[in-house]
Amino acid sequence: MSDTPFGFGLPPEEPDDGDKGKKKDPTEGGQSAGGPGNPFGFGPGAGGDNPFAAMFGSMNPNDLGAAFQQLGQMLSYEGGPVNWDMAKQIARQTVSQGTSDGTKDASVGPAERTAVDEALRLADLWLDGVTSLPSGSVSTVAWSRAEWVEASLPAWQQLVDPVAERVGAAMGDVLPEEMQAMAGPLIGMMRSMGGAMFGQQIGQAVGVLAGEVVGSTDIGLPLGPAGKAALLPLNVAQFGKDLSVPQDEVRLYLALREAAHQRLFAHVPWLRSHLFGAVESYARGIKVDTSKLEDVVGQFDPSHPEQLQDALQQGMFQPEDTPEQKASLARLETALALVEGWVDAVVHEAAKSRLTSSDALRETMRRRRASGGPAEQTFATLIGLQLRPRRLRDASRLWASLTDARGLEGRDALWAHPDMLPTAHDLDDPDGFVHHEQADFSELDKMLGEAAKGPQKSTGDDKPVEGGESAEDKGDEGGTENGKDGRDR
């Protein structure tokens, strides 16, 4: 995948094939002029006599009116910080071009749908024995790459908008205050261009990711609709192509990971909002280097909008070095590590006695994440987050140790509330967390339950009801004795 899917710079140039100065035929295998490599239609490779050809693709004179209309819509965009219509369009264009190995997207056939459905259902059965969380899959689905793009865009919008909002606001604030009142149209145009710029970059990134992801939870977040377990048959086949592992085993192992994620997000109701809220909290602490942005705007050449993209890529925005920002980063990284570590641990437990290649598949997945898989690259280039492989491995060991020490129920009970989960410090010392004395909340639960029922009624002869005390007996002590609530436990 691209080294900087959300890097706000120009995508990689086409390989030098010796045809410098020649226009590529859009029917040939190379990327057409309308590809996402130069979405704004200016600068190198823009299409010679037609400066908009790179954005709108090959067109005849009859299409020129529609091209200008689309350009006008882009510059007049008044929506949120990202032009998601453009993002969707470019993502689908990227998918249609195929991956670097020449694999093209294709509709999912009946046989592939059946294989995916059977794998996900079998995976759920295997997981029943290794986790106390019930199935989280209401339905199963086999997606093409284009279908994954459609299904995941709402989640990407929730993830990316907070970051884009910070950068977009800064683009409108670089002018002096006395000029802003007179430069309303210019500010609006800059924000429209910013929305289009983010839309172009995010669209290409999502399109590239669509060629790699194998399900709806590859980055440790639920990108698809709730309760819908999904696999991409084409990408599953590509994942296992060079592993010398039977395709059925590859599909089952990846189905186990998808089904395990679905259980976690379905039955830990606070988890999704916790993770997405941490991203938003982190985004609020991003600061924009306005001095650099002012320099870029002052020297801005409308024929080379990539200058603004390059500036954004080269350290235009960075996190505030504040305790709040560090806490947001630690909270998000730790939570993601715990999610991935739990999935890794339970999938390994379910697969180790059933799939002969489970160890090899597990290590392949870990290396994929460590060497720049979808999660690492997406978060690293989106808002500077690094998911260190050491954290993922430590989290997996911690969950496995908790299984041995406390059993399935005791391990999975930690997901009841975020305050019960291991912290970053606990990942450094897994044994210390596993073997420390568990807090007993049973007494507090009973007291809260009794309080919710309201005051107990008297029997009429000033005697306490069975199991309780009269109001007179309670006195100033509130019915407590030696730290108890008046009952023997």
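This is a predicted model: local features need pLDDT of at least 70, side-chain atom pairs count only at pLDDT 80 or more; totals for chains, interfaces and linings use all residues.
View 1. Start by getting your bearings: the protein has 20 helices and four strands. Of its 489 residues, 47% are buried. Take the contacts with a separation of 6 or more: residues 24 or more positions apart account for 75% of them.

**View 2. The largest nonpolar core.** This core has 88 residues. Which residues have the most contacts inside it? They are W148 and W415. Helix α13 (residues 323–351) gives the core its largest share, 13 residues. As a bit of background, nonpolar side chains in soluble globular proteins tend to be buried together.

**View 3. A close look at W415 and its ring partners.** Here's a way to read a pair of aromatic rings: you describe it by the distance of the centres and the angle of the planes. The protein has two aromatic pairs. In one of them, the rings of W399 and W415 have centres 5.3 Å apart and planes at 15°; that angle is under 30 degrees, so the pair counts as stacked. W399 sits in helix α16 (residues 389–412), while W415 is in the loop between α16 and α17 (424–428), so the pair ties together parts that are 16 residues apart in sequence. Are these two buried or exposed? W399 is buried, with a relative accessible area of 0%, and W415 is buried too, at 3%.

View 4. Helix α9 covers residues 247–267. At 1.5 Å a residue, its 21 residues should span 30 Å, and the end C-alpha atoms are 30 Å apart, so the two agree. Now look around the helix: 17 of the 21 residues of α9 are buried, so α9 is largely enclosed by the rest of the structure.

**View 5. D124 and the residues around it.** You'll find D124 in helix α4 (residues 110–127). D124 is buried because its relative accessible area is 11%, and the cut-off for buried is under 20%. What does its side chain make a polar contact with? The partner is the side chain of S135, at 2.7 Å. Leaving aside neighbours within four places in sequence, D124 is in contact with S135, S137, A259 and R263.

Terms used: Residues are numbered from 1 along each chain as its sequence is written. Side-chain values use heavy atoms; hydrogens and water are left out. A nonpolar core is a set of buried Ala, Val, Leu, Ile, Met, Phe, Trp, Tyr and Cys residues joined through side-chain atoms within 4.5 Å. Buried means under 20% relative accessible area, exposed over 50%, partly exposed in between (1.4 Å probe, protein chains only). Helices (H or I, at least four residues) and strands (E, at least two) are DSSP runs, numbered from the N terminus. The expected span of a helix is 1.5 Å times one less than its number of residues. A polar contact is a pair of N or O atoms within 3.5 Å; within protein, one must be able to donate a hydrogen and the other to accept it, and residues adjacent in sequence count only if both atoms are side-chain atoms. Contact means heavy atoms within 4.5 Å. Rings of Phe, Tyr and Trp (its six-membered ring) pair if their centres lie within 6.5 Å; planes under 30 degrees apart count as stacked, over 60 as edge-to-face and the rest as tilted.
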